Amino acid sequence: MPSQRLDKLLASTGRWSRREVKHLIKEGRVLLNGTPAGAPEEKADPNTDSILVDGADLGWQAFTYVMMCKPAGVLSATEDRRQKTVLDLLPEELQRKNLFLTGRLDKDTEGLLLLTNDGALAHRLMLPRNHVEKTYYAKLDLPLTEEDCADFAQGITLADGSVCRPAKLELLNDGTEVFITIHEGKFHQIKRMVSTRGAAVRYLKRLSLGPLHLDEGMQPGEYRLLTPEEVAEIGGNP
Ligand code: URA
């Protein structure tokens, strides 16, 4: 990582605002390679320089990765003038980290969202040609059948004529509850796939994204940082 301005670097940890960083530096509380940092503009590289704030190591992590269970009724966006977004559900220190979404869910959909400031990873996860696997749980108004499973496995055609890649449909109970695993992300894809069967989605929740699985007990609106193992698994920078 190239050297960056000290104020930008410290603020990017989310622990302090730029203004707070300026105060810390002025008060001599930031040590750069053992000596008090002179100015906010001073350059430092967190991978090679020692940076201590009040004697504590910066614990530098290049990127932040957040697993969230998106609640229904909240927008999959980082800002919106009128409506509440998933970013509004995070504490200020995470909001300061310039996180963005690695894929969206409809406003009424719940479940797994990954927020990160690792642009390269987000790009890889969203690139259609990478066919990242996503599994959803859905409740429907009418049951689907074994025949539908076979059709989904072949690749069904949506109402607008677009053809879906082969998908896995698993029936639960009487077929009004299903798991659907897809490898692409067309607009409203699950709802549109289900509607080709004459049924409608009443509840939708994303359970997984590539190797990342939503924690079983995680309630809508809850979030946590990924573990270094999970970051490595999804191809991030632990
Ligand atoms: N498919 C949908 O129809 N909606 C979502 O939010 C995600 C996948």
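The model is predicted, so local features need pLDDT of at least 70 and side-chain atom pairs count only at pLDDT 80 or more, while totals for chains, interfaces and linings use all residues. Residues are numbered from 1 along each chain as its sequence is written, and side-chain values use heavy atoms, with hydrogens and water left out.

**Asn33**
- Asn33 isn't a glycine, yet its phi is positive, at about 50°.
- You'll find Asn33 in the loop between strand E2 (30-32) and strand E3 (35-36); strands here are DSSP runs of at least two E residues, numbered from the N terminus.
- Asn33 counts as partly exposed because its relative accessibility is 45%, with buried meaning under 20%, exposed over 50% and partly exposed in between (1.4 Å probe, protein chains only).

**Asn173**
- Asn173 is another non-glycine residue with a positive phi, near 50°.
- With 67% relative accessibility, Asn173 counts as exposed.

**Strand E12 and its partners**
- E11 and E12 pair antiparallel over five bridges; two strands pair if DSSP finds at least two bridges between them.
- E12 also runs antiparallel to strand E10 (residues 134-140), joined to it by six bridges.
- Thr181 in E12 is the bridge partner of Thr135, and Lys168 stands opposite Thr181 too.

Conventions
Helices (H or I, at least four residues) and strands (E, at least two) are DSSP runs, numbered from the N terminus.
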